[in-house]
Amino acid sequence: MPLMDYSFLDTILPKATNKKSFKNARKSYLNRVRLATSLFFFGKGICFATWASRIPDLKLQLHLSESELGTLLFALPFGQLVAMPLSGKVVTAYGGQKIAIIGMVVYAICMTLLGLPTQGWHLGLGLFLFGFFGNFSDIAINTLGVHTQQLFAKPIMGSFHGYWSLAGFTGALFALMAIYFQLQPLYHFLLVLVFILVLLTFNYKYVVKTSIEKIEKKSAVSFFKIQDTTLIWFGVISFFCMASEGIMFDWSGIYFKDIVKAPSSLVVLGYTSFMITMAFGRFLSDALVSKYGPRKALIVSGIVISTGFYTAVLFPNLIVCTLAFMLVGFGVSNVIPIVFNAAGKSTKVTTSNALTIVSSIGFLGFLMGPPIIGYIAEIINLRYSFAFIGVFGIFISLLTHNLKVFRK
């Protein structure tokens, strides 16, 4: 387990004339550290949302067909997969703070490069780099989140992921403004790059620093040799959750169009309702974990996910499905923050390596879930494919119930 660096107290102590003023100064500084970490999550989220919001414009700009675009989009997760065996080791060797700062800058620059392509393969290369450096940034920022959590007695991990979700809405809003003013994707991306640089300038010195024990460096795992098997089960739980998330991202609109038969103006309602409750649930997650504990919170989250999916399957009408997708959003909101925080507490593996293992397995769900839905829908029906995925929430509850680590 990383040793927390409390050297920041040296800057506070001279100003503290008594215990009360010391306590207040420490609390104020820790809240600033928490805000800085939250804004790193926000910055990561707004970069991804900015890119995603301009996909239709880039498709038109490069004259791409649906199949060509689909093939090129696969370069992003491929870049992430290539980086996964390396990112944990790099973050462990150089520290979450350094890699989070450098990774965020490079990630934002790669986002900007996505506005430059004049041919399809240019976009594919840009997406590979965007995914590759995005994985380094993701592992480093989540490592910062786990380390910052260690400074607080109450759960705060959920709020960090809440900032990522909030960034999705902010990025979409910025995109609407950019499109309204007919701003080309490149200039839109450049503005966001400037925003990221400003965000880092005012917050980089507040993110928590950590030092790794020598014994932990010796025991750092390779990507293919896992010393803490509990991490595998955390990864499987993440797999089921992220598969559910990926399906909602990619198929909720189609479900509303083809199964619910929603008017074209309301097709986006399913995705929107899911995103709203996912963001809200992540800010509420810390309070739920604090009151009920991670075990109960995860078990209930799994039940809520399955309830949402099966409600949408059984009652495919506009109002019920909107409420059902809200349940799915609330259910998935709690899982990843809880699991990542639990993984970061491993005593056998460094935090960054633990997060790499768990997020790698989980990301496979995000990558594989949507295509699986498509294959099942092609063979049978989209409605029945949602019924198949609905069992994932039950699996989350059962695995959590049986894991000893959550019974402590």
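**A first look at the predicted model**

The protein exposes about 18,800 Å² (Shrake-Rupley method, 1.4 Å probe), and carbon and sulfur atoms supply 69% of that area. What we have here is a predicted model, in which local features need pLDDT of at least 70 and side-chain atom pairs count only at pLDDT 80 or more, while totals for chains, interfaces and linings use all residues. Residues are numbered from 1 along each chain as its sequence is written, and side-chain values use heavy atoms, with hydrogens and water left out.

In overall make-up, the protein has 16 helices and two strands, taken as DSSP runs numbered from the N terminus (H or I with at least four residues for helices, E with at least two for strands). Of its 408 residues, 52% are buried, that is, under 20% relative accessible area, with exposed meaning over 50% and partly exposed in between.

Let me turn to one pair of helices. Helix α6, residues 96-113, packs against helix α9, residues 185-203, at an angle of about 170 degrees, with their axes 8 Å apart. The two are therefore roughly antiparallel to each other, a term used for angles over 145 degrees.

Finally, the surface: Leu173, Phe174, Leu176, Met177, Tyr180 and Phe181 form a nonpolar patch with about 710 Å² of accessible area together, where patch residues have over 30% relative accessible area and no salt bridge, and nonpolar side chains are joined within 5 Å. Leu173 lies in helix α8, residues 157-180, and counts as partly exposed because its relative accessibility is 47%.

How values were computed:
Patches are made of residues with over 30% relative accessible area and no salt bridge: like charges are joined within 9 Å, nonpolar side chains (Val, Leu, Ile, Met, Phe, Trp, Tyr) within 5 Å. A salt bridge is a side-chain nitrogen of Lys or Arg within 4 Å of a carboxyl oxygen of Asp or Glu. Buried means under 20% relative accessible area, exposed over 50%, partly exposed in between (1.4 Å probe, protein chains only). Axes are lines fitted to C-alpha atoms, for helices over the stretch in contact, and angles run from 0 to 180 degrees between N-to-C directions. Angles under 35 degrees count as roughly parallel, over 145 as roughly antiparallel, 65 to 115 as roughly perpendicular and the rest as oblique.
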